[in-house]
Amino acid sequence: MSGVTVALKCPSCAGPLMIREGDTHTVCPSCSSSLLLSSGVRKFVLPTAVSRVQVLRSVRRELESRNPGGVARARVSKPTLYYVPFWHCSAQANGYVLGVEPVYETREISVVEDDGRSSGGYAVTVTKRIKTRTGSTAVEREIQLCGSVNISGADLEPLGIPSLSADSQMSIQGLEIQRNVLPEGLEVLQDESGREGVFVDPVVSVAEARSQTARYLRRLGSGVGFGLEEKWEFSVISGYRDALVYYPLWVTDFRSGPRSYRVVVDGWSGRVIRGRFPSSGRDRRIITVAAALLWAGMIPFIADILISGKLNYADTSGGRSSCLPVFLLIVAALAYGTWHLLGILRNMAGKEGEHVIH
Amino acid sequence: MSFTDPSGLVPLRCRNCGNDLDGLSTDVIFHCGSCGRCWVFHGGFEQVGIRFLRSGGPGTVFLPFWKVDGTVSIYQRISRKGSSASIIEGFREFTGRERGLSENQPETRRDRFIFPAFSTSLVLSTGVRMHKENFLPEKMEHGTQAVVKGGSIGPDDASAIARGVAVGVEVNRKDFLACVDLDVEVSDMSIYAVGCTPEENVIRINGSDIGLPYAAVRDSGEMVHGERGH
């Protein structure tokens, strides 16, 4: 977040101050007062770049693309703007990784692969490279790294948004904030009440966020000991800098028929990032028609095989036999499979047939 | 002095003489150029002792270092041989007997650690190298107006780093360390303003071969030349 600059007012002369995120001290360019940012936690907000009307448009557009017939029936309720918290923690890791590094010796040896019996009297000799462990060397390596990580301050799972944590492997699809990336355009948050939207209180404490940051940096630092055996690690995490970053999310509900649906729209890009939409049933109809056409094509062949007696054959004893039971069994299995598939598609017409954006 | 606006901005003045305190944008340690007191911002302002060392010649800049005195208790220290080698040719199974581990006696000693109070990636290795040298405070001439900038490491971090330096001292002994379990009980903390000379690529501690590359010191440009964003 070093590139983020925030605007504040000098408490002495009310002149404008520009402070980089992470700074604790500045000098007012107007009155030359030396000033210190004393508040424990700095708060930043990414103001929403989309209006309520734009959110409604995004939802309707998405609905139209998923279920063109359902737009007229859908009753979209008033979207609510939520500012969800993320901790942005930076720190430095210093330490040591001790261990032993295996020492290997590589030799080339000749091996007779074939004694000549199976290849026309020729013996085949190949040269193989053999790596033998001959010992180990004691190694002491130093950890020197600094980094920052974003950690979810609130549980967003009910909205279908995975949490960012020190252990997260996946990115949050659709959001400008990621584990190591902060969005551009952050502003300092001085007064929550003066802004539109609900500011969600963080449930993850700053101590927990720092603990996760330490775990993340320790994991990165342990990479210094790659290839070592009998490893022992020690690291000091220092220079913590925390900031609370509020990210805008619009949440709206709409009803379509008897069911209600929830949609989450990114407050910065205006894209629909999570949500459920009623299915138009188009895919289901295509599969049903395909199955019907398949059977329509197969029935004349089945009838022809049954009537023409092609299933009869002469057995080894000179008598006549028929594989009609086997054939009927195969046809019955295919019919059962088709019926079962149609049953699945019928169920999809209900709840499971929704389009889910995740 | 107690005025705080909603953004948390407070006037930064010496609690003793009221002089404006100067520092870098991320500093938490402030030296008053007027009365010579040193303050650490740690939730509130706390006074901390400051001594000047190795003032050297012209071009010297004073950089802040933490001086931490404490008792080091080593509960367990296991070292190993530098290397192990097999006398048997070819493949063999390593049983662990060749690890050559030996446990040292637990010990307790009083020790002093001096390490950068400014942000550098070489904080531990610099602390270990400074541990080998003798840093004695000097008496500053009366009226000397020394500027000490760049102290961004607070007392909590300094305690943790002191433990790291103590581990580093054990790592840098002649034997090869396998693991160590130690603790540092801090008895005194103060600031050493150590005279350093900016060279072409490094900031050299006066009277020492210890040099910190500019690239390893976060605010080196501001600390040495007063430039921002070096």
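Of the 358 residues that make up chain A, 29% count as buried, a label given when 20 or more other C-beta atoms lie within 10 Å of a residue's own, with 12 or fewer making it exposed, anything in between partly exposed, and C-beta atoms placed from the backbone. For chain B the figure is 40% of 230 residues. The model is a predicted one, so local features need pLDDT of at least 70 and side-chain atom pairs count only at pLDDT 80 or more, while totals for chains, interfaces and linings use all residues. Residues are numbered from 1 along each chain as its sequence is written, with chains lettered from A and ligands numbered from 1 in the order in which they are written.

Now for the overall make-up. In chain A, 69% of the contacts with a separation of 6 or more are between residues 24 or more positions apart. In chain B, 66% of contacts between residues at least 6 apart in sequence join residues at least 24 apart.

Chain A is split into domain 1 (1-38), domain 2 (41-96 + 142-277) and domain 3 (282-357), with bounds that come from an automatic or database domain assignment. Between the C-alpha centres of domain 2 and domain 3 of chain A there are 50 Å.

As for the interface, 40 residues of chain A are in contact with 50 residues of chain B. On the chain B side, at least two residues each come from β1 (9-11), β7 (83-85), α1 (123-132), α2 (155-171) and β10 (176-198). Of these, α2(B) gives the most, with eight residues. Sorted by class, this side of chain B has 25 nonpolar, 16 polar and nine charged residues; here Ala, Val, Leu, Ile, Met, Phe, Trp, Tyr, Cys and Pro count as nonpolar, Asp, Glu, Lys and Arg as charged, and the others, Gly among them, as polar. Another contributor to that side, α1(B), is mostly covered, with eight of its 10 residues buried. Among them are Val123(B), Leu124(B), Arg129(B) and Met130(B).

Across the chain boundary, β4 (residues 34-37) of chain A is joined to β1(B) by three bridges, and Leu35(A) sits opposite Pro11(B). Within chain A, three bridges likewise link β3(A) and β4(A), with His25(A) partnered by Leu36(A).

Elsewhere in chain A, β5 (residues 42-45) has parallel and antiparallel partners. Four bridges tie β5 to β11 (residues 229-256) in parallel, with Arg42(A) partnered by Ala243(A). Two bridges connect β5(A) to β9 (residues 187-188) the antiparallel way, and Phe44(A) stands opposite Val188(A).

Chain B has an open antiparallel sheet of its own, ordered β2-β3-β4. Its edge strands are β2 (29-31) and β4 (44-48), each with a single partner strand, so one side of each is left without a neighbour in the sheet. Between β3 (residues 38-42) of chain B and β4(B) there are five bridges, with His42(B) facing Gly44(B).

Finally, the largest nonpolar core has 120 residues, and those touching the most other members are Val245(A), Tyr247(A), Phe115(B), Ile191(B), Ala193(B) and Val194(B); such a core is a set of buried Ala, Val, Leu, Ile, Met, Phe, Trp, Tyr and Cys residues joined through C-beta atoms within 7 Å. Strand β7 (residues 80-114) of chain A gives the most to this core, with 13 residues. Domain 1 and domain 2 of chain A both supply residues, so the core lies between them. Leaving aside residues up to four places away in sequence, Val194(B) touches Leu53(B), Arg54(B), Phe62(B), Leu63(B), Phe65(B) and Ile205(B).

Terms used
Two residues are in contact if their C-beta atoms, placed from the backbone, lie within 7 Å. Two strands pair if DSSP finds at least two bridges between them.
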